[in-house]
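My plan is to look up a few things, one by one, and jot down what I find.

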Amino acid sequence: MKRRAVCVAIRVAGITLAGCILASATWAAPPGLDRYISGDKKSGYVFATPETRDMMDDDFNNPAFLWVEKGEALWSKAEGTAGKSCASCHGDAKTSMRGVGAAYPKYDATLKKMVDIEQRINVCRVANMKAPAFKWESDELLGITAYVKLQSRGMPVAVKIDGPAAPFFEKGKAFYFERRGLQDIACSHCHVDNAGRMIRAELLSQGQTNGFPTYRLKAQRIVSVQRRFAGCNEEIRAEPYPLGSDEYVNLELYVAWRGNGLPVETPSVRK
Ligand code: HEC
Ligand code: HEC
């Protein structure tokens, strides 16, 4: 109750987030997690509680694998008028999709913009299978995305931001640092300036995306990166963008780049 009152008072006075955050500069990364740290970059895994980490460390206990299994089944299911499955063209995902998920969003020369992994999968659904695109946040799209990204697990995130990707990267970066919403704060205020501090009852991480799609204990389901972005936007009372919008794909590129070098953890478990 008291914490809430502090935040409301500060918002009314128009003072920014720093005043709203409960000072706790004592957080230090737990030892033994070097695999999840690259230079000054830290995966959300490092900030998670030991219970959450344990759940993620054991694939049999990780509820996200219910979606992965669905994705694995979809991989070899023929759908659409071309009568093909993903496997018809890509064979065994373990080899053909190795490393693919670590490099998205990627520039698409046909669409002349960045596409994220969900969109790339849907390009194949529509153009190559002649099947309808999977809906954003459907169990199907989340499942096949998680299955494709699982094939890069442990590999470093490696998105490219040069060449044709550069202008899109700049847009994503601008979004990240732009103040918005009733609370008038940017992504960076929480995930750069205050990573390692408590906000209300939560320990702020760097907001990395190397674990997505991720199983959220709060939601009791797996969620996409963009659903997470929308949640963070809503939390500061900012209008979220539609999932799949260019704005969020560009933002995805910027945030993925912040985590270049961190291991792909898909499918992660988070609070
Ligand atoms: C008011 C503070 C706040 C703002 C502003 C904010 N977030 Fe978050 N975000 C959180 C909290 C709290 C969590 C859950 C704990 C954590 O991982 O930090 C979170 C989690 C995340 C995660 C998941 C990290 C993981 O390891 O699974 C991502 C990604 C993320 N935020 C991205 C963003 C982006 C992009 C923006 C700007 C559009 C943003 N956030 C703005 C508070 C914020
Ligand atoms: C008719 C053949 C065909 C089918 C069916 C097909 N794809 Fe593709 N896919 C391709 C081709 C061709 C490319 C482009 C290869 C390239 O750019 O090197 C591609 C590219 C991709 C990529 C990007 C690879 C990269 O390196 O960036 C992904 C991811 C992908 N497909 C996933 C899928 C999934 C998932 C399915 C099933 C839902 C599927 N594809 C079905 C032919 C197909």
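**Confidence.** I began with pLDDT, the predictor's confidence in each residue, from 0 to 100. The chain averages a pLDDT of 91, and 91% of the residues score at least 70. I then looked at residues 1-19, where pLDDT stays under 50. The model has 15 contacts beyond four places in sequence for residues 1-19, two residues being in contact if their C-beta atoms, placed from the backbone, lie within 7 Å. Where pLDDT is low, the predicted coordinates should not be read in detail.

**Ground rules.** I noted that this is a predicted model, in which local features need pLDDT of at least 70 and side-chain atom pairs count only at pLDDT 80 or more, while totals for chains, interfaces and linings use all residues. Residues are numbered from 1 along each chain as its sequence is written, and chains are lettered from A and ligands numbered from 1 in the order in which they are written.

**Domains.** Next I looked up how the chain is divided: domain 1 is 2-6 + 17-60 + 159-270 and domain 2 is 65-150, with bounds from an automatic or database domain assignment. Their centres, taken over C-alpha atoms, are separated by 24 Å. Domain 1 puts 20 residues into the contact and domain 2 puts in 22 residues. On the domain 1 side, α12 gives the most, with six residues. For helices I used DSSP runs (H or I, at least four residues), numbered from the N terminus.

**Ligand 1.** Which residues are closest to ligand 1? I found Gly44, Cys187, Cys190, Gly207 and Cys232, out of 25 residues that surround ligand 1; a residue counts as near if its C-beta atom, placed from the backbone, lies within 6 Å. At least two residues of this shell come from each of α2 (44-47), α10 (187-191), α11 and α12, and α11 gives the most, with five residues. By type, the shell around ligand 1 has eleven nonpolar, ten polar and four charged residues. Here Ala, Val, Leu, Ile, Met, Phe, Trp, Tyr, Cys and Pro count as nonpolar, Asp, Glu, Lys and Arg as charged, and the others, Gly among them, as polar.

**Ligand 2.** I counted 15 residues around ligand 2, the closest being Lys84, Cys86, Cys89, Cys124 and Asn128. Two or more residues of this shell come from each of α5 (86-90), α7 (117-128) and α8 (139-150). The largest share, five residues, is from α7. Eight residues of the shell around ligand 2 are nonpolar, three polar and four charged.

**Cores.** A nonpolar core is a set of buried Ala, Val, Leu, Ile, Met, Phe, Trp, Tyr and Cys residues joined through C-beta atoms within 7 Å. The largest has 50 residues, and Ala64, Val68 and Leu253 are among those with the most contacts inside it. To this core α12 gives the most, eight residues, and each domain supplies at least three. Ala64 touches Ala146, Tyr215, Ile222, Pro267 and Val269, leaving out residues up to four places away in sequence.

**Leu243.** Leu243 is in the loop between α11 (225-235) and α12 (246-258). Beyond four places in sequence, its contacts include Trp136, Glu137 and Tyr248.

Note on methods. Buried ≥ 20, exposed ≤ 12 C-beta atoms within 10 Å, placed from the backbone.
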